[in-house]
Structures are given as structure tokens and as C-alpha cells.
Amino acid sequence: MQFLRAILGTAMLAASLLAASLPAFAEKVSVTDVLGRNVEVEAPVQRVILGEGRQMYFVAALDKDDPFKRVVGWRDDLPKADPDSYKQYLARYPQIAKLPSFGGMKEGAFDIEQAIALKPDVLFLNVEAKVASDEASLVEKLASVGIPVVYVDFREKPFQNTEPSMRLIGKLFGKEKLAEDFITFRANEIARVTDRLAKVPNLKRPLVMLERAGGYSDDCCMSFGNENFGKMVEIAGGKNFASDLIPGTFGTVNPEAIVAANPDVVIITGGNWGAYVPGGAWVGLGPGTDMVEARRKLTGLAARPAFSQTQAVRNGRVHAIWHQFYNSPYQFVAIQEIAKWLHPELFADLDADATLKTLHERFLPLPYEPGYWVTVARK
């Protein structure tokens with residue numbers, strides 16, 4: 001009898017070890033995406049198409065040990081819009097060079113047949129692709145072959161949709177706790193700014209002119225309304241000049257209006273856009289940036305007529321910051337750096353660079369390289 005019990009115990013142990021080594025069985029789960037759509041998905045998902053390559057900014061945090069293991073296809077924007085981060089990933093995961101890629105929905109370059117052939121468990125689309133996907137009947141065509149589409153958003157209304165998007169992806173990956181850990185980390189880092197500002201009576205908010213992608217074209221000036229970087233400035237203790245001029249998230253402002261407003265601070269978003277505008281005046285920020293060159297370009301942008309006579313330029317309060325903070329869950333890092341620019345004495349001990357390094361160490365598969373912001377040289 002004891003012998004039989006021993007055999008039975010050994011068999012049960014072997015079975016439990018085998019079960020632990022196998023992936024969890026997928027089951028239908030119902031999720032609500034950021035557009036309020038109820039979608040049924042077999043989860044945890046194993047095969048994913050990223051409708052935007054920059055969704056990797058969060059996907060990589062959920063699968064830190066093997067960030068591309070679920071990705072069977074992605075939009076081709078990461079190598080173009082953020083080639084420095086792409087090169088980091090490529091150096092560590094060379095197989096991504098052969099990963100099937102897609103053009104954007106808005107450009108009419110998304111290949112539906114290719115997507116179906118990849119047999120994904122889900123397609124993640126950004127909300128800005130909604131109009132184009134509706135025109136192409138994308139959701140209906142994929143649904144007819146059992147492929148669900150889920151909308152997420154880190155860009156249009158990030159302070160409304162970033163946390164729900166992270167929770168949604170975390171649930172579909174079977175990584176709910178890790179997603180919550182990231183959300184808590186993000187919230188705590190934002191609170192390091194907001195809690196301190198809340199204790200300042202009669203807070204004086206510097207007037208901030210935000211230029212979106214300065215130097216990308218010869219025109220001036222694209223900017224932000226009361227969301228995205230516009231909201232980051234407000235959270236960081238500033239007043240966004242364009243909030244009353246731009247009704248949505250993105251728009252343009254007149255150079256003459258900037259001169260008349262005479263902003264206290266100018267902040268320009270920058271990135272390495274050589275794929276789009278080779279040799280452009282943009283400030284090429286990102287991991288491993290040449291800071292001497294970045295500062296030279298920023299100085300050139302500050303000399304344009306819209307800015308040259310402002311007190312921001314006279315006082316050396318002109319900065320550039322990595323554009324991709326606008327399209328990732330890493331906005332809290334930008335908020336910290338902006339807060340330090342706006343209120344240097346109040347936030348003298350706040351180190352956004354250390355925060356970004358901690359983000360990499362805790363959640364991301366890539367080593368941290370500085371290069372995400374720069375300030376004009378003091379005269």
C-alpha cells in the first residue's frame with residue numbers, strides 16, 4: 001500500500017511539474033478597449049500584431065526577458081520614428097529584422113491579407129487609426145476570420161487612456177500584476193511632482209510655449225492643446241500657452257502670437273527623424289544622442305523669429321525633450337524634467353535621469369543610455 005502511495009505521489013508531482021512548464025490554456029475573456037468596445041479575445045494571447053511599432057514601449061515591459069516572443073508582425077514606424085531605440089532592440093534581438101511589418105492604416109498601407117496570414121490572436125490598433133480602419137472595414141473583415149481588434153491609446157488622450165491601455169494589454173498577456181506594478185510606479189513618480197506643487201501657496205506658473213517636432217519642417221509652429229505634452233506642462237506646474245488656442249490635442253499657433261505672449265519658457269520636442277527629413281533642423285534626441293550636436297541644433301531653433309526676442313531665450317530657458325514621451329507610458333519622466341525646468345529651486349533634488357534609469361532597470365530589457373533632453377548653453 002505504501003508502495004502504491006509513493007508511486008501515486010510521484011506521478012502527481014510529475015504531472016504538476018509538467019503543467020507548470022506548459023503555457024496557460026487560453027480561454028475567452030471579454031475586455032473593454034479605450035473606445036468602449038467590448039471585445040472577446042482568447043487569452044493569454046500568444047500571437048500579436050502591433051498596429052504601431054511604438055507599442056513596444058509597453059509590450060517590452062510585460063515580456064522583459066523575451067519582448068518579441070508574442071509579436072508576429074508590427075507597423076514599420078519604430079525604425080523610422082525612433083531609430084535609436086530600434087537599433088538597441090536590433091542589437092539584442094537581431095531576429096526582429098525579419099519580423100513582418102506593415103504600413104500605417106491612415107496611409108492606406110496596412111495589408112489585411114498579410115495580417116490574416118499571420119494568424120494573430122489579436123491586433124492592437126491606436127485610436128488615431130480608427131477612421132481609416134472603419135473606412136477599410138478592417139474590424140469586420142478580421143472578425144469574419146476570428147481575429148479581434150482592440151484599440152489602445154498612449155497619444156491622443158494619454159492622461160485618460162494610458163492606464164486603461166496598460167491594464168488591457170496586461171490582461172490579454174496574462175501579466176495583470178506586472179501591468180499594475182508599472183501603473184503604480186508611474187503614478188508614484190508623477191506624485192513626486194504633484195504632491196510637492198500642491199503644498200505651494202499661490203503657485204506662480206511660468207508661461208510655456210511648446211513646439212511639437214521643431215525643425216521637422218520650415219513652418220512654425222506645431223504645438224499641443226490641453227492634452228499630451230500640454231497636460232504634462234500643466235501637471236509640472238506651468239501654463240501651456242496653446243491650451244486656449246488649440247481645442248484638441250494637436251494643432252498650430254501663429255508665430256506672431258508667440259512673440260506677443262513672450263513666454264517664460266520654450267520647450268521643443270525632438271527626435272531622430274533622418275528617415276523622414278534627412279539633414280533637417282530637428283533636435284535628434286533619444287538614447288545615445290550626440291549632446292553637442294543636439295545643443296547646436298536647439299540653439300539654431302531658438303534663433304528663429306518666433307522665439308529670438310522672447311524672455312525665454314534671453315534667460316536661457318529654452319529646452320528640447322524626446323518627442324516619443326508623447327506616445328508612450330513614460331510621460332512621468334518628462335513631467336519630472338519639465339517640473340525641474342519650470343521650478344528649479346523647488347525640484348532641485350529631483351533627478352529625472354535617475355527615474356528613467358530606474359524604469360529601464362525594473363521594467364525594460366534594454367540598458368539605459370542618456371540623451372533624452374537638452375538645454376541651450378547659458379550666455
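# Briefing: Salt Bridges, Main Pocket and a Surface Patch

Aspartate 63 is buried, since its relative accessible area of 2% falls under 20%. The structure is a predicted model. A search of the whole structure finds 20 salt bridges, and its largest pocket has a volume of about 560 Å³.

**A salt bridge between distant parts of the chain**

- The side chain of aspartate 63 forms a salt bridge with that of lysine 175, with an N to O distance of 3.0 Å.
- This pair links distant parts of the chain, as the two residues are 112 residues apart.
- Aspartate 63 belongs to the loop between helix H2 (56-62) and strand E4 (71-75), and lysine 175 to the loop between helix H8 (158-173) and helix H9 (176-198).
- Lysine 175 has a relative accessibility of 25% and therefore counts as partly exposed, whereas aspartate 63 is buried.

**Salt bridges within helices**

- In helix H6 (residues 130-135), lysine 130 and aspartate 134 are separated by about one helical turn because they are 4 residues apart.
- These two residues form a salt bridge, and the closest N and O atoms of lysine 130 and aspartate 134 are 2.6 Å apart.
- Both partners count as partly exposed: aspartate 134 has a relative accessibility of 39%, and lysine 130 has a relative accessible area of 26%.
- Helix H8 holds glutamate 163 and arginine 167, which are 4 residues apart, or about one turn of the helix.
- A salt bridge joins arginine 167 to glutamate 163, with the closest N and O atoms 3.6 Å apart.
- Arginine 167 is partly exposed at 38% relative accessible area, and glutamate 163 is partly exposed at 28%.

- The largest pocket, with a volume of about 560 Å³, is lined by 29 residues, of which Arg54, Arg75, Arg155, Tyr276 and Tyr326 are the closest to its centre.
- The lining comprises 12 nonpolar, 6 polar and 11 charged residues.
- Helix H3 (77-81) and strand E6 (122-126) each supply at least two residues of this lining, and H3 gives the most, with 3 residues.
- Arg54 and Arg75 also take part in a network of salt bridges with Glu52 and Asp77.

**A nonpolar surface patch**

- Tyr216, Met222 and Tyr276 form a nonpolar patch on the surface, and their accessible area together is about 250 Å².
- Tyrosine 216 lies in the loop between strand E8 (207-211) and strand E9 (222-224).
- Tyrosine 216 is partly exposed, with a relative accessible area of 31%.
- Tyr276 belongs to this patch and is also among the residues closest to the centre of the largest pocket.

Notes: Residues are numbered from 1 along each chain as its sequence is written. This is a predicted model: local features need pLDDT of at least 70, side-chain atom pairs count only at pLDDT 80 or more; totals for chains, interfaces and linings use all residues. Side-chain values use heavy atoms; hydrogens and water are left out. Patches are made of residues with over 30% relative accessible area and no salt bridge: like charges are joined within 9 Å, nonpolar side chains (Val, Leu, Ile, Met, Phe, Trp, Tyr) within 5 Å. Accessible areas come from the Shrake-Rupley method with a 1.4 Å probe; for residues, only the protein chains shown count as cover. A salt bridge is a side-chain nitrogen of Lys or Arg within 4 Å of a carboxyl oxygen of Asp or Glu. Buried means under 20% relative accessible area, exposed over 50%, partly exposed in between (1.4 Å probe, protein chains only). On a 1 Å grid over the protein atoms alone, a cavity is a set of points where a 1.4 Å probe fits but cannot get out, and a pocket is an open set with protein on both sides within 12 Å along at least five of seven lines; lining residues have an atom within 4 Å of a point. Grid points are joined across faces, edges and corners, and a volume is the space filled by probe spheres set on the points. Ala, Val, Leu, Ile, Met, Phe, Trp, Tyr, Cys and Pro count as nonpolar, Asp, Glu, Lys and Arg as charged, and the others, Gly among them, as polar.
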